[in-house]
Amino acid sequence: MEKIFSIYLFCLLFLLKCNMKKFISLALLVAAFTCSVKAQETSITIHTRQGSNKIYKELYGQFAEHLGSCIYGGLWVGPYSNIPNTNGYRNDVLQALKELKVPVLRWPGGCFADEYHWMDGIGPRNKRPKMQNNNWGGTIEDNSFGTNEFLNLCEILGAEPYISGNVGSGSVEELAKWVEYMTSDGDTPMANLRRKYGREKSWNVKFLGVGNESWGCGGNMRPEYYSDLFRRYSTYCRNYDKHRLYKIASGASDYDYNWTKVLMKNVGNRMDGLSLHYYTVKDWSDHKGSATHFDNQEYYWTIGKCLQIEDVIKKHCAIMDQTDPQKKIGLLVDEWGTWWDEEPGTIKGHLYQQNSMRDAMVAALTLNIFQRHTDRIRMANIAQVVNVLQSMILTDTIGTGHMVLTPTYYVFKMYRGFQDATYLPMDVTTDSMNVEGGHMFKMVNGKIPDVSVSAARKKDGSFIISLANTSLDKAQATKIILDGTKIKTVNGDILTSDKINDYNDFNNPDKVKEKVFKDAKIKKNVLNIKIPAKSIIVLNLNS
Ligand code: AHR
């Protein structure tokens, strides 16, 4: 476009200087050139008869850490709060999360997990000891949200709990007893303790993390040492009665391929899954950039960094393939998302950040990537569910009881249909743009594709397609062919906004919100859509 515009500008200047005849011939030339410049077009062929990998519903998992106001003030206000609640859980947040169909919720951390002693969080709330949250601002917590409160919340939401166990500062006995408390139905000491505290039946707990970031806040260990600890701790995490634990080893961060290598060698199939953490973050200094004030270059940088996760996943998977070619051990990206500067005026260490249309774009692109790798990726948990990092929900914790849903929330809402669907392979032709790297950022091929796509077949035989146009200024004329299938109906939703840094807040809660998308047209079994710049569309198709 810029090229064409400058040529026309040149013509105008020319007109001022030359006679009309010369101008007309030049204008004709320009017209011919214009016609030869292709409109922005993307073409997609989805192979609807192929595809065998299930997109595990757990890919759309959430993470709730004792950090800032994620738990206290976010999910939990206690039964005596003025904020409307059900047994202590905020009603507005419960309702919003129910709509999201949260498949799995990871708790209590994060770094917090390796300093958490679960026994301090059970029994009568007024008798529970306080604790200092050393990882996150030194906040004093009253332990009123503990194991019972968390597992009951999961039941209300219909989400699988994912417990992150303390290896860094806890004992083998402590973790073993926690598993017994949660899952034993026998006449065992911990099951009886649970009964004493009001819960007769065990909870359904399957996912168990054995430590978190054990290379860092979880104990600063070397992979060889952690491997041995994993073997030891996990031995005593028993399968009680009908329960079968899925044991997850604390995995690498980003580019630490050696960690994965050592764990695959030294732990191997003693673990069911291995985690991976990847944040879309500039660096770990205090200047990560504002969540809402950024320029176009920073936007494209963010998209590039976000897309780089695919290369990181491929490399970890390749290492896992060497000793586990049958892909029995899952890769769990149990922390991911954007990490910006904390909002001015908020408590340091509470990681409270706003969430703009840029974050929504990161969410959509990342989910599309995860969906492509479900032969190995078993779960993913965005960090975090309320009030922390790239959250779904922001609450006003001062007592007014307001809540806003973030643009990222709407992406998760629009993607619900992908849960447990079958991933479909496809061919995509789309333009891409080159982006400047910078020292921190060696981007994969240095290219950002204009359109990111993912597609799946749902259990009822219908299809779901997600499309994200990363460009800030170019709409994409897109043709979609469903190879081997006649499309009968199409409907969908779109998430977009005037500016990429638009966000929702308590004064303007619905600025960025999903809307019904009406511009999909079926012509001769080809689906034609124009994807507006900086937009995310999810379509449902029936054949
Ligand atoms: O999500 C915030 C923190 O990021 C987690 O506590 C930790 O595991 C990671 O470093």
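Trainee: Where is Pro108 found?

Mentor: In this predicted model, Pro108 belongs to the loop between strand 5 (104–107) and strand 6 (131–133). Strands (E, at least two residues) and helices (H or I, at least four) are DSSP runs, numbered from the N terminus. Residues are numbered from 1 along each chain as its sequence is written, and side-chain values use heavy atoms, with hydrogens and water left out. Local features need pLDDT of at least 70 and side-chain atom pairs count only at pLDDT 80 or more, while totals for chains, interfaces and linings use all residues.

Trainee: Which kind of peptide bond joins Trp107 and Pro108, cis or trans?

Mentor: The bond is cis, with omega at about 5 degrees. The peptide bond from Gly109 to Gly110 is cis as well, and its omega is near 15 degrees. Gly110 also sits in the loop between strand 5 and strand 6.

Trainee: What is the phi of Lys101?

Mentor: Phi there is near 55 degrees, a positive value in a residue other than glycine. Lys101 is placed in the loop between helix 3 (91–100) and strand 5. Leu351 is likewise not a glycine, and its phi is positive at about 50 degrees. Leu351 has its place in the loop between strand 12 and helix 11.

Trainee: Are Lys101 and Leu351 buried or exposed?

Mentor: Buried means under 20% relative accessible area, exposed over 50%, and partly exposed in between (1.4 Å probe, protein chains only). Lys101 has 52% relative accessibility, so it counts as exposed. Leu351 has 8%, so it counts as buried.

Trainee: How many aromatic pairs are there in the whole structure?

Mentor: A search finds 23. Rings of Phe, Tyr and Trp (its six-membered ring) pair if their centres lie within 6.5 Å; planes under 30 degrees apart are stacked, over 60 edge-to-face, and the rest tilted. Take Trp336 and Phe370: their ring centres are 5.4 Å apart and their planes stand at 85 degrees, so this pair is edge-to-face.

Trainee: Which parts does the pair of Trp336 and Phe370 tie together?

Mentor: Trp336 lies in strand 12 (residues 330–338) and Phe370 in helix 11 (residues 357–372), so the pair links parts 34 residues apart in sequence. Trp336 is buried, at a relative accessible area of 1%. Phe370 is also buried, at 0% relative accessibility.

Trainee: Which residues do ring pairs link into a cluster?

Mentor: The cluster consists of Trp76, Tyr89, Trp107, Phe112, Tyr116, Trp118, Phe145, Phe150, Trp178, Tyr181 and Trp203. Trp107, one of these, is the residue joined to Pro108 by the cis bond.
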